[in-house]
Amino acid sequence: MTDSTESPDLTRRGGLTRLKEGTYGGLFAACAAITLLTTAAIFVTLLSDAVVFFRSIPIAEFLTGTNWSPNPAGGGQAFGIIPLLIGTLTVTITAAFISIPIGTLTAIYLSEYATPNARSILKPLLEILAGIPTVVYGYFALVYVTPALKATLFPEMSTFNALAASIMVGIMTIPMVSSISEDAMSAVPDELRQAGYGLGATKFEVSTGIVVPASISGIASSYILAVSRAIGETMIVVVAMGAQARMPEVQQALFGIPFVNPADVLLQSGMTITVAMVQITGGDLTGGTLPYNSMFALGLALFVVTLVMNVISDIIAQRYREEY
Amino acid sequence: MSNSTTDDSLITTEVQTDSNDGRAAPAAGTAVAARDLDVFYGDEQAIDDVTMEIPEKRVTALIGPSGCGKSTFLRCINRMNDMIEICRVEGDVEFGGKNVYDDDVDPVALRRKIGMVFQKPNPFPKSIRDNVAYGLKIQDFDGDVDARVEESLKGAALWDEVKDQLDSSGLELSGGQQQRLCIARAIAPDPEVILMDEPTSALDPVAASKIEDLIDDLAEEYTVIIVTHNMQQAARISDRTAVFLTGGELVEYDDTAKIFEDPEEQRVEDYITGKFG
């Protein structure tokens, strides 16, 4: 360092600079606040109208009722969420059976096996799959998947059915599983793979025994996100599954355990919570009527389910977080 | 490097090499041999016509400045370079008399006979027990896994520190303990050779000195080949030292005492005394 008699200029910057810095901070905070406020506003709206609904229909009746007919021609309204819940669960679970295995294996391929060239082509293609409007998936299910299934496996299948819709919801959520899981697997440090190879592990052993366990929290989060997405999916279901709030026939198995024949649910039309909401808004509705308010009760139910899923996903991510 | 440090290192060197003379003297069989080995990364030559025989159950140190090819050479022995797409190997590397680059050699089988310890401790995010048992698991070891885990941890001088916490994560250990865990993991499948790629460079001096003591013990059962940046370390722990200089050339390879006290090549003397590199 050279000898210097001049002391460095350390004076505080002018007021304008400080004002600008303050403004930037405020701007960013405002954008963050918009998201928070919107979420809070939605929740408050849902809750307040749902409360009005639950004054007429007790929560217990809403949660245990097996008949959903909010707007019948001949009178005799019924607001039981069970048939809708069955529809939503059918779609969600069946879709998960498609998106989780295919998405995970795709992620392993992309992260561990694909050459950089193959990856650079496949990743954008998968992201295109995520960008297709869901109504297109819905028509695809109705126009191609259902006829194909009908012609080959299930001749007794109805034109609007849960299976074709679920398959397309599953396919739609594959990129969500594969992309997030692949990010998690790629984040596993190469040193761990080297350690495995150094011990004489094969590529398969390194992928399944080291990389997947090390990234399990990210993989689990991707599953929950995909499932949450499937729960909320509306367009595919409304187009391909129809809009009939059907209660499947409950049979008694051994020891009186109730069960439902999966074919009865999958091959027939059905209605999910989201579709029920769409149907209500599709009619001539006046605000303040019972069917109108039931929409908010359904929305609240959906909100609670997805919120719980997200909390579970966070807990899993925390619990299995691997510090590497 | 300043002059005073260099002087210190030479003093340490001379004192320490004497202690290794007992083991270095008798002739031993050859564990690994390289013949006319050339390695290229794309167009760049990383190893230039190296021929050397590495004795079994001895510690052989590979030293040299950064980029001299010593790590590349180490990774040729267990074919870890296979994973680098642009890497091309010509010539022979013999292990137990067999050229490991022959077409019928499976690198997976080869690596089960040659353990490796890396620069940065890299335990798996699994329990201590599962870390050590990993190599046994993938090799379908049918003996007593727990006994072998204990034996390996003892062999890596870690047993007393971890015997009550075998089920806790290997990542909860300190850096030095993690590196000894990695050594335990490497010796558990009972390999013949252990490759070490600067195993102490990420550790503090106390942890490093424990690893050095351990390496000395390991040489009673295994052939140890160690790459190091640290010349004093090479002098302290190795029986034979190979000096690589820029361009992947093996300049001198001899008993460690000879290399550090009376090297043939002026370039090696310059490197060791800190005039170069």
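## Helix over sheet

Two residues count as in contact here if their C-beta atoms, placed from the backbone, lie within 7 Å. With that in hand, look at chain B of this predicted model: helix α2 (residues 70-77) lies across β3 (59-63), β6, β7, β8 and β9 (240-245) of chain B. Against β8(B), helix α2 of chain B runs at about 150 degrees.

## The sheet itself

So what does the helix lie across? The strands belong to an open sheet in chain B with 6 strands, and reading along it you get β6-β7-β8-β3-β9-β10. The pairing is mixed. At the edges stand β6 (114-117) and β10 (249-255) of chain B; each has a single partner strand, so one side of each is left without a neighbour in the sheet. Going from one strand to the next, the twist averages 15 degrees.

For a look at one pair, take β7 (residues 193-197) and β8 (residues 223-227) of chain B, which pair in the parallel sense over 5 bridges. Within that pairing, V193(B) has T223(B) in β8(B) as its bridge partner.

## Where chain B meets chain A

Now for the other chain. The contact draws 20 residues from chain B and 16 residues from chain A. On the chain B side, α3 (107-113) and α4 (128-138) each supply at least two residues. Which helix gives the most to the side of chain B that touches chain A? That's α3(B), with 4 residues.

Terms used
Residues are numbered from 1 along each chain as its sequence is written. Chains are lettered from A and ligands numbered from 1 in the order in which they are written. This is a predicted model: local features need pLDDT of at least 70, side-chain atom pairs count only at pLDDT 80 or more; totals for chains, interfaces and linings use all residues. Two strands pair if DSSP finds at least two bridges between them. Axes are lines fitted to C-alpha atoms, for helices over the stretch in contact, and angles run from 0 to 180 degrees between N-to-C directions.
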